[in-house]
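Dear colleague,

I am handing over the structure we spoke about, and it is placed just below. Please keep it open while you read the notes that come after it.

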Amino acid sequence: MYSTFDFDKTLVQCVPSARQLAVEQMEFYAFAHFTVNTFTDKEWGDGTEPEAVFNPTELNADQWVDALKTAHIKGLILTCKHHDGFCLWPSAYTEHSVKNSPYRDGKGDVVREVADACRRGGIKFGVYLSPWDRNSALYGSGKPYDDYFCNQLTELLTQYGELFTVWFDGACGEGPNGKKQIYDWDRYYALIRELQPNAAISISGPDIRWCGNEAGATRESEWSVLPASLLSPDEVAQKSQKEDNEEFRNLKISEEEQDLGSRRVLGYARDLAWRPAEADTSIRPGWFYHASEDERVKPLEQLLDIWYRTVGGNCTLLLNIPPDRRGLFHETDVKRLADIGQYLEQTFACNLAEHAVFTADKDNGHDVPDNMRTDSYDTFYKPFDGDNTAELHVKLECVKRVSHIVVKECIPFSQRVEQYVMDVKTADGWQEVCSGTTIGYQKIAHFAPVETDEIRIRILDSRVCPVISFIGIY
Ligand code: FUL
């Protein structure tokens, strides 16, 4: 370890902010990609689409929200402006918006309708605003475009109530005059912090990181404590007393890398940041609605597999459901959402640990094992500082069929567990059902049903000592 800091102690000082924690606790939320592309059958508009093409005939955002709620989805992010520059709200700063479309005779405001429907339905609302604008003549001009962008951002931040996130992608192509814009991210972030201090700034932003693909795939180990920056080569050479450190030379902390936060990587960190992962994927092949993809809505099994790997793998899930030309979620998508919900309700209906006996090999007398029965950060199990291992037992009332073990770390104390094994006791003795490195916000172990009356979780390594807030058995 070559870091300049006291390793274990410093790592666990890196914890989520309130706005990050709020997003992590939502677990599963939705995207709605909707704009002129829905009507031109494209994925990326080029900014020349006439406003007249945008004309949903039956738009009903309550239908979207009702469908999302059947899947236990907790929030919705709307593409208020995609790369084509068309605004779904009547922005005062461009003519390229709903105000010049036939939709509600130019009096419509899709952002308002969706924000209001989310509020009525009790789910959170967030905005996607593409910095890349292929319509604006100001794009590529530097400050004048940033002014334009900040004006639009201000409209969204001030006119639609509380936002849980502002979602920026990194796409940065050429504008209508062939120029590229260098985005003034710090200015955008400062504006968001000022006007919506509780909103997370996601993906091209400091709060939530992209997990690196659009397929809903996750890493085997998703870490939330990452290097914010790495030591310089000179510092590493000095500390490691080697002129050339090959491992360090090959170290990358980009989205595509597999290991973003193991001790090996953190050993080269200059400073740290809490950067929880989010996976974004679409229920269909494209982000926007295309009738030709009506038969290609992802099957339930695939969506559940994505759900397990993300929600059950220390990563939030952002699932896109594109409204169609009517302005409704398509029947097939609605059915799929309801099927997800039904599966989750059946699977997690009864927590067998509710009446179980919790014990541990180490007990500090205060943060007792029984605290893991309740799914809350107010109480938790913790051995003594320096106890980096622990063995947790959950003894059921009688033999039950078990196929899921849910474990949550108390992440207000950081992500600490680095290696664990889960076993169930069967007639033939202990049988391993799951093992890995990261638990973090939540690990859901999912395995072929076994008859058992005792579950054990062996924490084989952790930072300082593990702090576990919840164990559920289903
Ligand atoms: C990407 C965009 O280019 C896609 O169209 C989509 O919006 C996706 C979520 O982000 O960067």
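This is a predicted model: local features need pLDDT of at least 70, side-chain atom pairs count only at pLDDT 80 or more; totals for chains, interfaces and linings use all residues.

Residues are numbered from 1 along each chain as its sequence is written, and side-chain values use heavy atoms, with hydrogens and water left out.

The chain holds twelve helices and 16 strands, where helices (H or I, at least four residues) and strands (E, at least two) are DSSP runs numbered from the N terminus. Its C-alpha trace spans about 70 × 60 × 35 Å along the principal axes. For 474 residues a compact globule would have a radius of gyration near 23 Å, and the 24 Å of the chain agrees with that; the radius is taken over C-alpha atoms, and the globule rule is 2.2 Å times the number of residues to the power 0.38. Of the 474 residues, 58% are buried, which here means under 20% relative accessible area, with exposed meaning over 50% and partly exposed in between (1.4 Å probe, protein chains only). Among contacts (heavy atoms within 4.5 Å) with a separation of 6 or more, 77% join residues 24 or more positions apart.

The chain is divided into domain 1 (10–218 + 275–348) and domain 2 (357–473), with bounds that come from an automatic or database domain assignment. Their C-alpha centres lie 36 Å apart, and the contact between them takes 18 residues from domain 1 and 19 residues from domain 2.

The largest nonpolar core has 75 residues, and those with the most contacts inside it are Phe 54, Leu 78, Val 110, Phe 125, Leu 153 and Phe 168. A nonpolar core is a set of buried Ala, Val, Leu, Ile, Met, Phe, Trp, Tyr and Cys residues joined through side-chain atoms within 4.5 Å. Because domain 1 and domain 2 both give residues to this core, it lies between them. Apart from it lies another core, of 29 residues, among them Tyr 381, Leu 396, Ala 445 and Ile 457. Leaving aside neighbours within four places in sequence, Val 110 is in contact with Phe 34, Phe 54, Leu 59, Leu 78, Leu 88, Val 98 and Tyr 103.

Helix 6 (residues 143–159) has 17 residues and reaches 24 Å from its first C-alpha to its last, close to the 24 Å expected, a span taken as 1.5 Å times one less than its number of residues. Its buried residues, including Tyr 148, Leu 153 and Leu 157, pack against strand 2, helix 5, strand 3, strand 4 and helix 7.

Most residues other than glycine have a negative phi. Asp 41, however, has a positive phi of about 65° although it is not a glycine, and it lies in the loop between helix 3 (37–40) and helix 4 (61–70). With a relative accessible area of 43%, Asp 41 is partly exposed. Ser 292 and Asp 41 are 251 residues apart in sequence and 9.2 Å apart in space, C-alpha to C-alpha. Ser 292 is found in the loop between strand 9 (277–282) and helix 11 (300–311), and it counts as exposed at 61% relative accessibility.

With best wishes
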